Structures are given as structure tokens and as C-alpha cells.
Amino acid sequence: MGENGTVWLPEGASALASEWDGLFYFVYYVSLIIFVGVVSAMIYFAFVYRRRQAEERPAFVKDNKMIEMASVVIPTILVLIVFTWGFKTYVRMNVAPPDAYQIQVRAQQWSWTFEYPNGAQSVGEVHVPVDRPVQMMMSSTDVIHSFFVPAFRIKMDVLPNRYTSVWFHATKQGEFQIFCTEYCGTAHSNMLGKVIVQSEADFQKWLQESQATDLTPVERGEQLYVQQTCNACHSTDGSPGVGPTFKGLFGSERALEGGGTVVADENYIRESILNPTAKVAQGFSPIMPASFGSLPAEDIDALVAYIKSLSNE
Ligand code: CUA
């Protein structure tokens, strides 16, 4: 229980928390009212229809259309309210606003590393601005972990072979606990962290001071693009080459060899680097060297960031 938590729920510190908590309490109080109603009726009937002499018995009730109708219609309405409310919040929880601030998260046995768009990095604690949507793009360098921040009511598995993401909109400044909630080895229970929610000004100040490397992920990706000789086959200005151009690639819909299409998101680009034959763009042959499969996670993230920066949006 957090300092401002209740008996039922820990402290809530995100926009989503108030939505989920509202739904939780709706279900809770409706259940409570129905429970009290059913138990009261049970006790009442047990008393009224207890075993008695024939002449003392109350009149036999055959049916009651009103009660029958109500017992079908009212629960149906309640279930529809819970479904609509839950579904809307679920969709909102899963789709990050396009303007969300993006932070890269790398999980490993047994720590969390966070990387910001300006190249700053932090381990074990992530700094975020208050009152602004923040999206975490997460991947693991070893086994499956899970990113859980109870105060924000978010939890998402972090996988070794693809990106997953969560987003939140922190509404309070302060420190909030991060847990790993997927058993990931001996020190799983020590795989903790903190979200530090700061004012926009404090956050920007921290970000500037923490910029240890002089390269941002996009700049590092641009460097790798040359070092790893991606430039031999992929142009960045739209001109044709052996492989597809990177210009406008991110976010576009790609026709595939053998039919079907795919939207070029982070996971598609990651897969195409690591396993070029998985989904081949129409009109190209899968002749990319397999050696990229051994690039470290940081490099993959940087290349994805660079290709993302060349999108048309
Ligand atoms: Cu990482 Cu449990």
C-alpha cells in the first residue's frame, strides 16, 4: 500500500490509474450491492417460508413477470457497462499517443537500462516528465522479464527477440517502484528500479546533465549505417539500390514477396536486420549478410532509431 493508497489499491499516479480504479470500484460496489441484496433475500425467504403447519403458510407465489424481466435486463446492462468501459480503457492503454516521448528500455539479468533520445543513459532509475505521455520501447538482452509499475497500473513482458511497449501519462511528481514480474533467475527479486517523475524543467535539466555520450541513438545509427556497410545496398535519399531505400521506410506499408503486406514498425525493422529472409519486400531478393544477426542490442536499437528518423512523417 502506497502512502496515498487505499485498502484495495496502491497509490495511483497516472491518467490510466484513475480510469482503471474507477472501473475497479464500479465492479466492486455493484458486486457488494448485489451480494447484500442476495444474502438479505435468502435470509428473508428462509424465515418467511420456514416449515410450518399448513394453515399458517403464506400464499404460494406462482410467477412475477416484472422480477423476471428485471433479473435479465439489469445484469445485461451492468455487464455491457463493464465491457464497454473495460474495452475502451484497454484500447487506450495499448495505443500510445503519436506524440509520446520515447525511452528505450533494455532489460538484462538483473537490471534495467534506460536510454533517452539525446543519448543519455541511466541504470535502475528512469527519469520522466510529469503531465506528458511517455512510451517505453522495451527489449531484453537475455531472458524474459516484465516491466511493472503498480502506481501507473502498467505491466508488460520484455522479450529477448522483439520490442514490446507500454506508455503512461504520469500525473504526480515523485518516485515510483518498478518491479520485474517475470521470474528471470536467481536475482529476479532484486531486479527493481524507480520511475522518477519530474517537472518538465527539472527533467530537461537532468537530461542535459546526463548526456554522457556525444552521440544520440539516431547519430550512432547513422554511423553504423556506414560502418556496417548498410549504405552499399540501402540509400537514404530514395534512390533505388540492391535493397529498399531507408527514406520513408518506417511506418509505411510494405508489399511482401509471396503476397501479403506488413507495416514497417520497430519490430519489422528489427526482424529484417536479424533475420532478413523472414519477410522480404516485393521486388527484392534476401541477400543481406547474416552477420548482422550478431549485432549487440544497442546497435540494433540505434539502427532502428536511425531508420525511424528517415520516415516521411
Ligand atoms: Cu527480470 Cu525477473
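Predicted model: local features only at pLDDT ≥ 70, side-chain atom pairs only at ≥ 80, totals over all residues.
## Strand pairing around E6

Two strands pair if DSSP finds at least two bridges between them. E6 (residues 145-149) and strand E7 (residues 154-158) pair in the antiparallel sense, over 5 bridges. Within this pairing, Phe148 stands opposite Lys155 in E7. The hairpin of E6 and E7 has 4 residues between the strands. Arg153 takes a positive phi there, near 60°.

E6 also pairs with strand E9 (residues 174-180). That pairing is antiparallel too, over 2 bridges. Here Phe147 has Cys180 of E9 as its bridge partner. Of the 5 residues in E6, 4 are buried, so the strand is largely enclosed by the rest of the structure.

## The five-strand sheet

An open sheet holds 5 strands in the order E3-E2-E1-E5-E8, and its pairing is mixed. Strands E3 (121-123) and E8 (164-169) stand at the edges. Each has a single partner strand, so one side of each is left without a neighbour in the sheet. Neighbouring strands are turned by 25° against each other on average, direction ignored.

Strand E5 (residues 133-140) is joined to E8 by 6 bridges, and the two run antiparallel. Gln135 stands opposite Trp167 in E8.

## Salt bridges

The whole structure contains 11 salt bridges. One of them joins the side chains of Arg106 and Glu298, at 3.9 Å from N to O. Arg106 lies in strand E1 (residues 101-108) and Glu298 in helix H6 (residues 297-309), so the pair ties together parts 192 residues apart in sequence. Arg106 is buried, at 5% relative accessibility. Glu298 is partly exposed, at 34%. Both residues belong to a network of salt bridges that also links Glu115, Arg220 and Asp301.

Arg132 forms a salt bridge with Glu200, with the closest N and O atoms 2.5 Å apart. This pair links distant parts of the chain, 68 residues apart. Arg132 sits in the loop between strand E4 (125-129) and E5, while Glu200 is in helix H3 (residues 200-209). Arg132 is partly exposed at 25% relative accessibility, and Glu200 is partly exposed at 30%. Another salt bridge joins Lys279 and Glu271, whose closest N and O atoms are 2.8 Å apart.

## A nonpolar surface patch

Met69, Val72, Val73, Ile77 and Ile81 form a nonpolar patch on the surface. Together they have about 430 Å² of accessible area. Val72 belongs to helix H2 (residues 65-94). Its relative accessible area is 52%, so Val72 counts as exposed.

Terms used: Residues numbered from 1 in each chain as written. Heavy atoms only, no water. Buried < 20%, exposed > 50% of the residue type's maximum accessible area, 1.4 Å probe, protein only. Patch = residues over 30% accessible without salt bridge, like charges linked within 9 Å, V, L, I, M, F, W, Y side chains within 5 Å. Areas by Shrake-Rupley, 256 points an atom, 1.4 Å probe, with all protein chains shown as cover. Salt bridge = Lys/Arg side-chain N within 4 Å of Asp/Glu carboxyl O. Axes fitted to C-alpha atoms, helices over the stretch in contact; angles between N-to-C directions.
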